[in-house]
Amino acid sequence: MHNGQTSKTLILDLISKEDCFLTSNSFIFLAINSLYFRNATERSSTGSTRKRIGLSVLRKLKLFVPELPEQNRIVSVLETWDKAIEKLIKKIEVKNKLKKD
C-alpha cells in the first residue's frame, strides 16, 4: 500500500473531473487493489523484466462503480471485515507467543 497522498493522487488522475463527486476515494482505492483489477492491469502491462502500464491504457480499463450510497456500504462492510481479520491475526500471534513461552 502506498501512502495516502500517492493513492489519492492516482485515484484522482484515473477519474474524470465530472465523476469525481460521484465516487468515494475509499471505494476506488479498494476497487483498484482488487484481484479483478490487478489481473486486468497485469494482462494489459508490458515489459519482461519489470512490468508497467501506461496511463492511457490504465484509463481504458473497466471498473464497475455503483452509486455513491452503495460504494459507501461496500467500503463499510470491507473495513469491518478488515478490522475483524486484524483482531483475529493479533489473537493468533498472542496465542502462538504463549505457546512458545
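How many salt bridges does the structure hold? It holds 1. A salt bridge here is a side-chain nitrogen of Lys or Arg within 4 Å of a carboxyl oxygen of Asp or Glu.

## Ground rules

This is a predicted model, in which local features need pLDDT of at least 70 and side-chain atom pairs count only at pLDDT 80 or more, while totals for chains, interfaces and linings use all residues. Residues are numbered from 1 along each chain as its sequence is written, and side-chain values use heavy atoms, with hydrogens and water left out.

## Overall build

The protein has 5 helices and 0 strands. From the N terminus, the elements run α-α-α-α-α. Helices (H or I, at least four residues) and strands (E, at least two) are DSSP runs, numbered from the N terminus.

Of the 101 residues in the protein, 18% are buried. Buried means under 20% relative accessible area, exposed means over 50%, and partly exposed lies in between (1.4 Å probe, protein chains only). The accessible surface comes to about 8,500 Å². Carbon and sulfur atoms account for 58% of that surface. These areas come from the Shrake-Rupley method with a 1.4 Å probe; for residues, only the protein chains shown count as cover.

Contact means heavy atoms within 4.5 Å. Among contacts between residues at least 6 apart in sequence, 52% join residues at least 24 apart.

## The nonpolar core

The largest nonpolar core has 9 residues: Phe27, Ile28, Ala31, Ile32, Phe37, Ala40, Leu58, Leu61 and Val75. Two elements, α2 (25-32) and α3, each give two or more residues to this core. The largest share, 4 residues, comes from α2. Such a core is a set of buried Ala, Val, Leu, Ile, Met, Phe, Trp, Tyr and Cys residues joined through side-chain atoms within 4.5 Å. In soluble globular proteins, nonpolar side chains tend to be buried together.

In α2, the buried residues are Phe27, Ile28, Ala31 and Ile32. Seen down the axis of α2, they fall within an arc of 120 degrees, so they line one face of the helix. The arc is that of the directions from the helix axis to the C-beta atoms.

In α3, Phe37, Ala40 and Thr41 are buried. Down the axis of α3, these residues fall within an arc of 95 degrees, so they too line one face. They pack against α2 and α4. The face of α3 turned away from the buried side carries the exposed residues Leu35 and Arg43.

Alanine 40 sits in α3 and has 9% relative accessibility, so it counts as buried. Its C-alpha atom is 7.3 Å from that of leucine 61, 21 residues away along the chain.

Where is serine 45 placed? It is in the loop between α3 (35-44) and α4 (55-60). Serine 45 is buried, with a relative accessible area of 14%. A polar atom of its side chain lies 2.8 Å from the backbone oxygen of glutamate 42. Leaving aside neighbours within four places in sequence, serine 45 is in contact with Lys51, Arg52 and Ile53.

Arginine 73 and glutamate 70 meet through their side chains in a salt bridge (2.7 Å, N to O). Side chains of opposite charge can pair when their charged atoms come close. Arginine 73 and glutamate 70 are 3 residues apart in helix α5 (residues 68-100), so about one helical turn separates them. Glutamate 70 counts as partly exposed, at 33% relative accessibility.

Notes:
A polar contact is a pair of N or O atoms within 3.5 Å; within protein, one must be able to donate a hydrogen and the other to accept it, and residues adjacent in sequence count only if both atoms are side-chain atoms.
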